[in-house]
Each structure stands twice: as C-alpha cells, then as structure tokens.
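I opened this model to look up its pockets. Notes follow in the order I took them.

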Amino acid sequence: RKNPMRRAAAVNDGRSLKKVGSKGRAMEVLARTYQLNPCHGELASEYGRLALSQGKVQMAEKLLNQARKGGRKDDWKVLSALGTVNSKRGDYKQAQTYYLAALRAQPGATSVYNNLALSYALDGRAGDAEDLLKKAIAKGHNTPRVRQNLALVLGLQTKFGEARQISQTDLSGEKVAS
C-alpha cells in the first residue's frame, strides 16, 4: 500500500495471497499496481492469469496480451493462459496454436499437455487427444488429472473397458462405476 510502484513486491504479494485462498485481495493488490505500471510484463502476466482463474476472460485476454508486449512474448504460462482464453470462447484451433507454442517454450509442462488434449477433444478430435495424453503419460506426465482426462477421452470414444481400467488407478470402484 505504501509504495504501489514496487512491481516485484506486488507480484509476490499477489502470488502469496492467491496461495492462501485470498484471490479477491490478490486482485486488488495487482490491480492497484498494474494501474501505475501497465507496461510491466510480469505484473500483467500474473494479473491476467489471476483474472482468468476468476472467470474474467475478456479482462484476462487484455492483460495477457499486454504481458506479451511487456516482454513476456514467449512465456509459456502466458501462452498457455491465452490458449485457455480461446478455449473458453470455443475457438479451439486458436487455443491449440497457443498451447503448441507453450509446449515449444516449456516441453515439460504437464498442464499444457492436458489442456491441449482437452482442446482436441472439444474440437472433435478425441483420437488425437488420446494419443497426446498417452504420450504425455509415457514421458512422465503421469498425474491423476492427466489419467482421468485420458479416461474421459477414451469414454468419449466408447472405449469403456480401457477408460474403467485407467480410472481405477485414482478413483474408488463406486466413482468408476458412476
């Protein structure tokens, strides 16, 4: 509050507040500092990704594009968030472009593999989504979220036996059955 020109402090405070569940307070801190520093890429990135997590898609897009202009052009988190913006709008082709760029910048980003695969599925390309998720798992991105999305994609293709088998890794028998 004393010095809203301290961009790094605002970014760190925003992250800390977000981690403890105070996203509204984090938005306030980042908004105040962003008003005084609209060209600062890291600040715009943090604020934009937080806005996206709050469902403020239009605001997030503006901030994320500003982050790219402010030196975060190839930041995988910004690219991935722009993929999510486009996915939420139903523009899966554009979302996939951003997700692929994010993967080039950060090949080990499990969340990007996951989001790209879901984008493929929503775009009617469940087979491509399945292939990508299986490759992600083979590359070590074997997380419950990735496995459950693979099970979902398999179910979309009526591969229920395989979907059930994968789901059982993380879910109870009751949840798998439902």
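Lining residues have an atom within 4 Å of a point.

The model is predicted, so local features need pLDDT of at least 70 and side-chain atom pairs 80 or more, while totals for chains, interfaces and linings use all residues. Residues are numbered from 1 along each chain as its sequence is written, and side-chain values use heavy atoms, without hydrogens and water.

**Second largest pocket.** I found Q148, A151, L152, G155, F160, A163, R164, S167, K175, V176, A177 and S178 in its lining. α9 (144-156), α10 (160-167) and α11 (173-177) each give at least two residues. Helices here are DSSP runs (H or I, at least four residues), numbered from the N terminus.

**Largest pocket.** I read about 380 Å³ for this one, as the space filled by probe spheres set on grid points joined across faces, edges and corners. The second largest pocket holds about 240 Å³. Which helix gives the most to the lining of the largest pocket? It is α5, with six residues. W76, K77 and K88 are among the lining residues.

**Whole chain.** I counted eleven helices and zero strands; strands would be DSSP E runs of at least two residues. The C-alpha trace spans about 60 × 30 × 25 Å along its principal axes. Of 178 residues, 43% count as buried, meaning under 20% relative accessible area with a 1.4 Å probe, protein chains only.

Definitions and conventions: 1 Å grid on protein atoms, 1.4 Å probe; cavity = no way out; pocket = protein on both sides within 12 Å on 5 of 7 lines; lining within 4 Å. Buried < 20%, exposed > 50% of the residue type's maximum accessible area, 1.4 Å probe, protein only.
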